[in-house]
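Me: I would like a close look at one part of this protein. Please take the annotated active site and walk me through its surroundings.

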Amino acid sequence: MDFKIKHRDQNARVCEIKTAHSSFLTPIFMPVGTLGAVKSLDANDLMDELNAQIILANTYHLYLRPTCAVIKNFGGLHKFSGFKRSFLTDSGGFQAFSLSQNSKQNENGIEFKSHIDGSLHFFTPQSVLDAQYDFKSDIMMILDDLIALPADKKRIELSVKRTIKWAKEAISYHLENKNNGIGINQNIFGIIQGGTDFHYRKHCALALNEMEFDGLAIGGLSVGEENALMYETIENLMPFMDENRPRYLMGVGTPEDLVEAVSRGVDMFDCVMPTRNARNGTFFTNFGKFNIKKAEFINDNESIDKTCSCYTCKNFSRGYLHHLFRAKELTFFRLASLHNLHFYLSLTKQMQEAIKNNRFDAFKKEFYRQRIS
């Protein structure tokens, strides 16, 4: 991975990241393609309509179905899915814990039952990397011990201890594999845990800074804590995250969350929110969000957002989209997802331009002004 800081505006920054499959600027939002596909969209939608440079897939789900062996047989995720640009794959540790009622964590990893057929599996720091080697993803996430918030100090301490232990095992295993010609074009990110506790977050960040990770991620936020506490945690953590590596905030969030996190120094984001909300009829716009199922849109000939240049807004009215949603027409999922992801990707591009021109504060004020008015 090549990583360069191109522009700064206070804590906000524009960086360039080059992987084996694409080059892109940050801040960047990664559409979530859990099973190797962003729901209701195909690779051409992502590349041609949205110009997405990197998307996320999930190791837990792909490991169970269609299995690592199948994806490896196709030559990796890029050839399997048709998406020729970058893939980031999450380790799947959170899904193994959250989707199995009988999961058990210990010092060596996570034992869990498949949510599909109940079969028993065990994830270790090494095994989740083996899966991602089969996927040939551009960025691989390590196994970490994520906890829901609020949590007591004892559980947070254990989470950080395990996360650091597993991080050491993962980076050692990866460097050994690279020396043997495995994963040489793949990058590995460490994940910082610690809940909202300043001491444990700092401790975890400093420990991971000492390891040879290509990037650092902030995990374990947006899992039950208030937004203000999340922003405070990010801000307090930034001085202890190596500025010469990408900073990735996992699983976050709303448009407001992205703006606030970028202002504090975060570079990369992913979240299911734009596509999940799309399927429920909720559209994100420059003036806020609204749900298309309301009767007021039956005869509305306007586009979702007059200021939007996405495929959906250029071609279809609110009235038509209201009809598709109420009729449960599958076409609605594609059109709504295209709009919401276009909004998120455009938001990050607007932030890039604002940072380049040293006007991020002005951009942020205007962002909130439009949403209030």
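Which residues does Asp90 touch, not counting residues up to four places away in sequence?

Reply: A word on the source first: this is a predicted model. Asp90 touches Ala57, Asn58, Thr59, Gln95, Gln132, Met141 and Met250, with residues up to four places away in sequence not counted. Asp90 sits in strand S6, which covers residues 86–90. Its relative accessible area is 13%. Buried means under 20%, so Asp90 is buried.

Now the annotation. UniProt, in an unreviewed entry, places the feature "active site" at Asp90 and Asp270. These residues span 181 residues in sequence, yet no two of their C-alpha atoms are more than 10.6 Å apart, so they gather at one spot. The lining of the largest pocket includes Asp90 and Asp270.

Next, the second annotated residue. Asp270 lies in strand S14, residues 268–270. Asp270 has a relative accessibility of 8% and counts as buried. Its contacts, leaving aside neighbours within four places in sequence, fall into several stretches of the list. Phe29, Met30 and Val32 are among them. Leu56 is another contact of Asp270. Tyr248, Leu249, Met250, Gly251, Val252 and Gly253 are also in contact with Asp270.

Two details deserve a look on screen. Met250 is in contact with Asp270, and Asp90 touches Met250 as well. Tyr248 also stands out: its side chain makes a polar contact with the side chain of Asp270, at 2.6 Å.

Definitions and conventions:
Residues are numbered from 1 along each chain as its sequence is written. This is a predicted model: local features need pLDDT of at least 70, side-chain atom pairs count only at pLDDT 80 or more; totals for chains, interfaces and linings use all residues. Side-chain values use heavy atoms; hydrogens and water are left out. UniProt positions are given in the numbering used here, feature names are shortened, and annotations may be inferred rather than shown by experiment. On a 1 Å grid over the protein atoms alone, a cavity is a set of points where a 1.4 Å probe fits but cannot get out, and a pocket is an open set with protein on both sides within 12 Å along at least five of seven lines; lining residues have an atom within 4 Å of a point. Helices (H or I, at least four residues) and strands (E, at least two) are DSSP runs, numbered from the N terminus. Buried means under 20% relative accessible area, exposed over 50%, partly exposed in between (1.4 Å probe, protein chains only). Contact means heavy atoms within 4.5 Å. A polar contact is a pair of N or O atoms within 3.5 Å; within protein, one must be able to donate a hydrogen and the other to accept it, and residues adjacent in sequence count only if both atoms are side-chain atoms.
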